[in-house]
Amino acid sequence: MVAEKGEVVERSLVFAANGERFELSRVDPNTTLLEFLRTQTRLKGAKLGCGEGGCGACVVLLSTYDPVHDRVEEFAVSSCLTLLCSINFCSVTTTEGLGNSNDGFHSIHQRFSGFHASQCGFCTPGMCMSLFSALVHADKSNKPEPPDGFSKLTASEAEKAIAGNLCRCTGYRPILDACKSFAADVDLEDLGLNSFWKKGEKDALVARLPYHSRNAVCTFPEYLKSEVKSLLDALNNSDCTSLAEGCWYCPYSVDGLYKLLNSDMFSACRVKMVVGNTGSGVYKELELYDKYIDLRGIPELSVIRRNNKGIEIGAAITISRAIEVLKEDCEHMFSSQNSVFAKISDHMNKVASQFVRNTASLGGNLIMAQRSQLPSDIATILLAAGSTVYIQMASERLVLTLEEFLERPPCDYKTLLLSIYIPCWSYTSNASSEIKESVDSNATKESHLLFETFRAAPRPLGNAVAYLNSAFLAQISFDKISGDLVIDNLQLAFGAYGSQHAIRARKVENFLVGKPVTASVLLEAIRLLRETIIPKEGTPHPPYRSSLAVSFLFDFLHPLAKDLAEPKKNIHVDVFNTAASAEYATDSLNGAVHVSPDKASTYASNGQFDNCDTLLLSKQMMKFSKDYNPVGEPTKKVGAEIQASGEAVYVDDIPSPKDCLYGAFIYSTRPLAHIKGINFKSSLATKKLITVISFQDIPKGGQNIGSMSMFGTEPLFPSSLTEYAGQPLGLVIAETQRFANMCAKQADVSYSTENLEAPILSVEEAVKKSSFFEVPPVVYPKQVGDFSQGMAEADHKILSAEIKLGSQYYFYMETQTALAVPDEDNCIMVYSSTQCPQTAQEVIAKSLGIPFHNVRVITRRVGGGFGGKALRAIPVATACALAAYKLRRPVRMYLDRKTDIIMAGGRHPMKINYSVGFKSDGRVTALHIDLLINAGISEDVSPIMPQNIIEALKKYNWGALSFDVKVCKTNISTKSAMRSPGEVQGSFIAEAIIEHVASVLSVDANSIRRKNLHNFESLKLFYEGCEGEISEYTLPSIFDKLALSASYHHHVEMIQEFNNCNKWRKRGISCVPIIYKVMLRPTPGKVSVLNDGSIIVEVGGIELGQGLWTKVKQMVAFALGQLWDDGGRCLLERVRIIQADTLSLIQGGWTAGSTTSESSCEAVRLSCNVLVERLKPLKKRLEEQMGFISWEPLISQANLEAVNLSASTYFVPDYASTNYLNFGVAVSEVPATMPVVKELCGLHNVDRVCDADKFDQIYAMQNSM
């Protein structure tokens, strides 16, 4: 049936997911693709990491079909931002669609596993899909056919394929190795450690890799193509299509759009117009919308028009498509035009990440910049290029310069941006008439165009909002008589520095136009620029942003000035001769400056990256022992393939039980205040509210406890007084996680500060008010020597110096999550993503007032922890348990990233003051430390921080060491253990002091380090009781091996030469020792052998991604393999580690301190020894009867003879081995950008990182931080 022209055609939503057809007649239009996949299908591979399109955990492949050209287009998208209704007649492919454990894994899954590219595994499915998208795109290109087994992808493209995917725990080297293994131009021998061949073997052949078969995955099913073709005529004859029961509209003309907007059914609705919906990642949706209008079907918004004057790009064109269009035009333009379009497209490639750019529209970016003050890079670069925009108002159509558009009052939702026009630039086509006359009448001048863009951001690629962005277009002429370069026309655009929108620096432009570029002129321009670029109040880092503006302008103009150019580089002449390609900045300050790959070698000699086209270069050398095979042998991480394929089950992947409810915290926004009441705003979201759980719902006999440690407890919810911002006040309960999150954000909490003192927010305030936590004497560190005597012996003294260290967020990819299910007989089962299930069990039981055995806590795996899933995970599990216990329904919760950041706490901030005395030769004689640690509102584990910090600080012989350490109680969120808690800070403090001493004496810091390394006698004094044997103290020899090596001195000489040759970019090298005190804890282990010979293992340790299960599996195979002379290799695949269960294996303790794998391995080794002793007599008897007995017959006979095939032990380290010392030394080489006009700017990169054993073999590691 063909629709009448002008009517709205109502349809069902139809799409495919991994080939399976879905047709939905009813759907909430606010639903995202990710929410649908995770809650309405069995597909759990796409994960929710940030909800902003910034981490890549949710990436899937979206395929569309063009029936006119019979062409399928595939691209990666962020499913957390993609609205479900926007994928009508599309096909979705998730990582499960590539392969699985039943049908066989895809080569991507296998290579990620084989290259050890997955640790916690939470981010791995998204990585796989980003790579798969790049492979599909490359293999459909016109590139030459690659060798069999490879793709058309280049190594550089393979690296950039996952540029928008974040990984917190694995490190990118193995991930990039897995990606680059598909590249046709890769040298396989350069790839890192893997399970396909041994490092150093000559047969590193593609045949040994899992085979890459192109077109093996069908991304768009044939049945869906047929449906699209059959509906083509109907769609062409309708003005509008409606989905989701009239909540989602797709108009096909501008008139049709305004017909909808002006109709009665839209008059009282919350309406949102969308293209890619990526803006919701920047500006969170706090309320539900009644109706959506999809603008992608309006042809006028998807136009691409080219002529010799410029290019017009429709507002609905995606950023990725705009980049392609601009690159296409570059191939057909003159050199100057080519430069402008090329630079714009290159800069756009640094905006967001590929999977966001694939759906984000060019117009949407500009609308957000105009309406919502988005710090847009695109607005800035288009402003400098002199762009104009076409907009449709309710009653008129306007053509405005981009500057005029940005300065207008914020657009309402009925204002439609139609297209953007970017002019073609050549010198005479855009210059003013005055300049033209000057050029025509002055034969002594040659003229040209320069265009450059800049940005400084936390990361050069991927989702990172710029601290400042800028773009400069200059029309310059060369006066042959004076030899000066004169600026004839100039457009300077700046944005993202704390202004409402991107601006033109008109005062600076007017000053510079018509003037020759000299040092004095440039200095005055900088003064004017400082008056122009003034961040608004409240903008973070305002001095830095202002300095960036100065630096970028200086970077752009200083090569044009004769009196600033470096003669040996002949910059002044090169500028003009190579202006066509705009490759004139030889010693650029800005790491984001665009460098063509063929110029990489030139830029390496001029202070740029060593290889601009390759992000990371590394070599990896390791030595392995076969004495205890398979222990210590490189092997694939347990579960790596199912992590890659999305089959690994994390807490939020567990299917929701029937009648499951969802929770979200209401948290305090005040640091210290009385809570007068909690109300909710009237909105669509709050209509979804079911109830609120608070302290009043704690059962009789239960305690208001949300977490506890050996030092104290903290409440789950406050009764009437909130003590810190971020404290959970209550738990909103709704029918979906999205509804719960929105309801929580609609909470209106009334506060009062009557009769309350001001909150304590800093350690200085805590000292004034004597607000401290007690540190038990048993964990307080011991001082060494006599400080006064040491200072008296010193030739030099630094009497007072200060260090301040800030906090740090954990940033595990999986946020805090739990699922609580009520059980029979007043019991409850809780699935928690935690590092300490035992403590969670105890806290939940105390909160509910029930025996511990009524609470069962299960943890299978954790999507990243770093200490943040220890005590800080328990309030989430306890709140879910309380809600489930009260409502008698399952309750689950998955914190959104913002709430997690606010509540998590993180690393301890601290303030350090020190006094140090030292001899003229650099030997330190005395050190005193005054240390103030900001612990937040509750103890948590903060009382152990003094010991951890001082133990790390003791790595040097300070002569005499005294200290005064105070753990401060403040009104901020509780700080907790985080990845080497205290050790990181202690080592930093020690190195800062060593550097300070070296600076005072004007000597190399390495000589001071070596001078103050311990001898064995001082080691015994500083590390009493855990110093070990003298033969075990290897730190001085390790340090000497590194610091005195020829390789180290070669790099020092290279750095000195580099620094002498480069004015603006410098490099430094550092060699740092470390002593890490290991403290083992008791740990349980249980090993059981089933009738078929398969082995089940339980341990107290939790798999966080550190490979605990892998190590335990190897240890079990080794220990049971002692029954045979050839060891336990044959048993390795028979071993399975199962989830931690507090009612199955008790006394599990904590997984922390980098020792739980070691302790768990010892626990299962002891268990295996028990089994071996039970089986030995039987094996001996059977061998006497049969000659040889293998594992399966042995176990079968043991069952027949009632041998107990299950053994558990509780490993308790003996006193002598509870504590011991680890030693290490590492060298790192780091570039820095020198001050420009007394200010700093630039990128930070790690050029080389290696330890003492590998320094001679490693060439370089260059990795953007």
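This is a predicted model: local features need pLDDT of at least 70, side-chain atom pairs count only at pLDDT 80 or more; totals for chains, interfaces and linings use all residues.
Biologist: What is the average pLDDT of the protein?
Modeller: Local features need pLDDT of at least 70 and side-chain atom pairs count only at pLDDT 80 or more, while totals for chains, interfaces and linings use all residues. Residues are numbered from 1 along each chain as its sequence is written, and side-chain values use heavy atoms, leaving out hydrogens and water. As for pLDDT (the predictor's confidence in each residue, from 0 to 100), 90% of the residues score at least 70, and the average is 89.

Biologist: Which side chain of opposite charge is nearest to R907?
Modeller: R907 sits in the loop between α28 (897-904) and β34 (910-918), with helices (H or I, at least four residues) and strands (E, at least two) taken as DSSP runs numbered from the N terminus. R907 is buried, meaning under 20% relative accessible area with a 1.4 Å probe, protein chains only. R907 has no salt bridge (a side-chain nitrogen of Lys or Arg within 4 Å of a carboxyl oxygen of Asp or Glu).

Biologist: How many degrees lie between the planes of Y1033 and F1223?
Modeller: A search of the whole structure finds 24 aromatic pairs (Phe, Tyr or Trp rings, six-membered for Trp, with centres within 6.5 Å; planes under 30 degrees apart are stacked, over 60 edge-to-face, the rest tilted). Y1033 and F1223 form an edge-to-face pair, 5.3 Å centre to centre, and the angle between the planes is 70 degrees.

Definitions and conventions:
Buried means under 20% relative accessible area, exposed over 50%, partly exposed in between (1.4 Å probe, protein chains only). Lys and Arg count as positive and Asp and Glu as negative; His and the chain ends are not counted.
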